[in-house]
4 protein chains.
Amino acid sequence: MTRLTLKQADAIAGGTLAKGKELGLAPLTVVVLDAGGHAVVLKRDDGSSIMRPELATAKAWGALGMGFGGRELARRANKAPGFFAALNSISDGRMAPVPGSALIRDGQGEVIGAVGVSGDTSENDEACLVPAVLAAGLTPDTGDPL
Amino acid sequence: MTRLTLKQADAIAGGTLAKGKELGLAPLTVVVLDAGGHAVVLKRDDGSSIMRPELATAKAWGALGMGFGGRELARRANKAPGFFAALNSISDGRMAPVPGSALIRDGQGEVIGAVGVSGDTSENDEACLVPAVLAAGLTPDTGDPL
Amino acid sequence: MTRLTLKQADAIAGGTLAKGKELGLAPLTVVVLDAGGHAVVLKRDDGSSIMRPELATAKAWGALGMGFGGRELARRANKAPGFFAALNSISDGRMAPVPGSALIRDGQGEVIGAVGVSGDTSENDEACLVPAVLAAGLTPDTGDPL
Amino acid sequence: MTRLTLKQADAIAGGTLAKGKELGLAPLTVVVLDAGGHAVVLKRDDGSSIMRPELATAKAWGALGMGFGGRELARRANKAPGFFAALNSISDGRMAPVPGSALIRDGQGEVIGAVGVSGDTSENDEACLVPAVLAAGLTPDTGDPL
């Protein structure tokens, strides 16, 4: 198993924010967690609101916690709302089952971390992280086929 | 960026309660937070029930946390109830997505705080805070156009 | 039993902050709770740091919680540090056993609320609240004889 | 009052980690918070252990919460251990009263954020953040004179 490095995480975070600016999105916050769910890099752009760090973290942490990217979490939450209400408590508020997150996989397909983004619509949040993970030479698993 | 002063916050809180009395509403509680979500002034009128401070705070904090006034939060919560259930946990119970709150913007449009009101209907709560913020020379952003 | 009114609580909070300015103290935060430990008025002066609301609340709440003013709480905490460490958890972080708080008693000696102040030294915090409670026609019980 | 920008916070975080490498220190984690105590940038270097993000955050948050840099918090904690045990609870575990943090002041002396560092000794942690804040054109207030 490869270990996600600060250099990679910093590139993913920076690339995500740059993509958001390129697309003219609302100010974003991005969090990159390692495989254990612990923050490696967080960046909150100027004007991104005060709960965005917790929300981006919950997108990434929820993906790691259950082992699915945000798209798949969102589908499951729609089918089983009571279960996901329980997961809110079980995870102590670290679960946001919406698009805008991805597991980060290495060349062998192993999960080495996750990234969560918040600030614009969930779809736009996701559109920023995917190219940033790819540019870092890693594979984003959003819960949908690439 | 201006910093919200105690004098401004006190005027907003006092003006909100005065408007409630003028309209003959139920006893209100009003909380004014700074841009970081920390209380500057809280006032609970005689007879306003004991959870009103937490509820008014959650209205104001939720607006700051997500960067939208209560009207917009309410619309989003209606469309995405599962996501807002997650936000309840992520925010540790500081998110009340109903009308009765406003971001407070300065002359440049920057968010310098938020106000939350609880005690009567959400619409009546909001009707009291809007003139109070305007009278303080600031702009209330309820999530709807003024 | 008299019920503490918003008018009285507002006078106590305003009087406390005015006394702090008169004495040239650091910026203060003052919280006035009713007999049930629920906030009636909170005021944080410009420049008073961001945890002061929680700290002033914990001074007042701790006094109500145990039924002693801050001076007596401080003496007991010094004698029984392990017990007060437990009280930190038991009170869910609403206990600050230091001077700078007082039970508020009415003309019959009944506890109708409490006030907590934070921002300068504990002794200076207390020096501001005592005259403010007296000026409101009520009796401050700091845990020491008046 | 200036608002701390992502650009400034990123420079402070990057400069702190670079200084740690230059001095041959253990792997560091650095967190830069805005004036409201909300994360702007977090960076955890390769090999920095998993609680470092929470610890660096608690160093910075505690400084903002009380309005003193880590050196002054450490002095006060040594004099009043029971009070700081209470503050642990009051702050919900966001208070680490040791060196290795600084308030960040702008040219007018206003607090616009804070930085916390963890990973090596508290003194070494601090030695990394001071030049990084200065290089960003801002003033670090560690609780001791510069």
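Predicted model: local features only at pLDDT ≥ 70, side-chain atom pairs only at ≥ 80, totals over all residues.

Me: Which residue forms a salt bridge with Asp45(B)?

Reply: Side chains of opposite charge can pair when their charged atoms come close. The rule for a salt bridge asks for a side-chain nitrogen of Lys or Arg within 4 Å of a carboxyl oxygen of Asp or Glu. Here the partner is Lys21(B), with 2.8 Å between the closest N and O atoms. The pair ties together distant parts of the chain, 24 residues apart: Lys21(B) sits in helix H1 (residues 6-22) of chain B, and Asp45(B) in the loop between strand S2 (39-44) and helix H2 (52-66) of that chain. Helices and strands are DSSP runs numbered from the N terminus, a helix being H or I with at least four residues and a strand E with at least two. Lys21(B) has a relative accessible area of 59%, so Lys21(B) is exposed.

Me: Where in chain A do Lys19(A) and Glu22(A) lie?

Reply: Both belong to helix H1 (residues 6-22) of chain A, three residues apart, which is about one turn of the helix. Lys19(A) is partly exposed at 23% relative accessibility, while Glu22(A), at 60%, is exposed.

Me: Which residue of chain B meets Asp34(C) in a salt bridge?

Reply: That is Arg44(B), with an N to O distance of 2.6 Å. This pair crosses between chains, running from strand S1 (residues 29-34) of chain C to strand S2 of chain B. Both Asp34(C) and Arg44(B) are buried. Over all chains, the structure holds 48 salt bridges.

Me: What does Ser101(A) touch?

Reply: Contact means heavy atoms within 4.5 Å. Not counting residues up to four places away in sequence, the neighbours of Ser101(A) include Lys59(A), Gly70(A), Leu129(A) and Thr142(A). Ser101(A) belongs to strand S3 (residues 101-105) of chain A, and is buried at 0% relative accessibility. Its side chain reaches the backbone nitrogen of Gly70(A) at 3.0 Å.

Me: How many Å² do chain A and chain B bury between them?

Reply: The size of an interface is often given as the accessible area lost when the parts come together. Buried area is that loss, taken with a 1.4 Å probe and summed over both parts. For chain A and chain B the total is about 1200 Å², 74% of it on carbon and sulfur atoms. Ile50(A), Met51(A) and Asn88(A) supply 48% of the area that chain A buries against chain B, more than any other three residues.

Me: Which helices of chain A each supply at least two residues of the side that touches chain B?

Reply: They are helix H2 (52-66) and helix H4 (81-90) of chain A. The largest share comes from H2(A), with four residues.

Me: How many degrees of rotation superpose chain A on chain B?

Reply: Two copies of a chain are related by a rotation about an axis and a shift along it. The copies are superposed by least squares on C-alpha atoms of residues with pLDDT of at least 70 in both. The rotation is 86 degrees, with 0.4 Å of shift along its axis and an RMSD of 0.1 Å. The two copies are therefore related as by a four-fold rotation axis. They use different surfaces, as 14% of the contact residues of chain A recur in chain B.

How values were computed
Residues numbered from 1 in each chain as written. Chains lettered and ligands numbered in written order. Heavy atoms only, no water. Buried < 20%, exposed > 50% of the residue type's maximum accessible area, 1.4 Å probe, protein only. Polar contact = N/O pair within 3.5 Å; in protein donor to acceptor, adjacent residues only side chain to side chain. Buried area = accessible area lost by both parts, 1.4 Å probe.
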